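Please read the following walk-through alongside the sequence and the structure shown here.

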Amino acid sequence: MLEVLASRALLVALPFGLWFLWREVARRTGREMGSTPWAWLFAAGAVLLGVSLMATAVFHGDNRGQVYVPAEAAPDGRITPGHFEKRAPQTP
C-alpha cells in the first residue's frame, strides 16, 4: 500500500521536478525565465494521477466470482494471509 501511495506521489511531483530542472538549466544558459506556471503544473500532476488510477482499474485483476478468505492465526502462532478462492459451483 505504501509503495502505491509513493508511486502516485511521484507521478504528481514529476511535472514540478521537470519544470524546476528545466528552469535551472535555462538559468545556467542565460535564458530569461518567466513566472512559474503553478496551475499548469498542478493540472499536469492531476492528469498523471488520473491516468494512473484509470490504468489500475483497467489492468488490475478482477476478483468477482471469488470468495475472500480472511487471515487466520494458527494455534502455533503462524498467520496465514487473507486471499481469494474460486467459488464452488452451485448445483440446482
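Is R28 buried or exposed? R28 is exposed, with a relative accessible area of 72%. Here buried means under 20% relative accessible area, exposed over 50%, and partly exposed in between, with a 1.4 Å probe and protein chains only.

The structure is a predicted model, in which local features need pLDDT of at least 70 and side-chain atom pairs count only at pLDDT 80 or more, while totals for chains, interfaces and linings use all residues. Residues are numbered from 1 along each chain as its sequence is written, and side-chain values use heavy atoms, with hydrogens and water left out.

R28 has a charged partner: it forms a salt bridge with E24, and the closest N and O atoms are 3.4 Å apart. A salt bridge is a side-chain nitrogen of Lys or Arg within 4 Å of a carboxyl oxygen of Asp or Glu. Side chains of opposite charge can pair when their charged atoms come close. Both R28 and E24 belong to helix 1, where they are 4 residues apart, about one turn of the helix. Helices (H or I, at least four residues) and strands (E, at least two) are DSSP runs, numbered from the N terminus. E24 counts as partly exposed because its relative accessibility is 35%.

A search of the whole structure finds 2 salt bridges. D76 forms one with R78, with the closest N and O atoms 2.9 Å apart. D76 and R78 are both exposed.

Helix 1 covers residues 2-28 and includes V25. With 47% relative accessibility, V25 is partly exposed. Together with L14, L18 and L21, V25 forms a nonpolar patch on the surface, with about 370 Å² of accessible area in total. Such patches are made of residues with over 30% relative accessible area and no salt bridge; like charges are joined within 9 Å, and nonpolar side chains (Val, Leu, Ile, Met, Phe, Trp, Tyr) within 5 Å. The accessible areas come from the Shrake-Rupley method with a 1.4 Å probe, and for residues only the protein chains shown count as cover.

A13 is also found in helix 1, and at 39% relative accessibility it counts as partly exposed. Its C-alpha atom is separated by 23 Å from that of R28, 15 residues apart along the chain.

Helix 2 runs over residues 38-59. Its 22 residues reach 31 Å from the first C-alpha to the last, close to the 32 Å expected at 1.5 Å a residue; the expected span is 1.5 Å times one less than the number of residues. Which residues of helix 2 are buried? They are L41, G45 and S52. Seen down the helix axis, the buried residues of helix 2 fall within an arc of 35°, so they line one face; the arc is that of the directions from the helix axis to the C-beta atoms. Helix 1 is included in what covers these buried residues, where contact means heavy atoms within 4.5 Å. The face turned away from the buried side carries the exposed residues A39, W40, V47, M54, A57 and V58.

L10, in helix 1, is exposed at a relative accessible area of 61%. L10 and L48 are 38 residues apart in sequence, and their C-alpha atoms are 9.8 Å apart in space. G50 lies in helix 2 and is partly exposed, with a relative accessible area of 22%. The C-alpha atoms of G50 and A71 are separated by 32 Å, at 21 residues apart along the chain.
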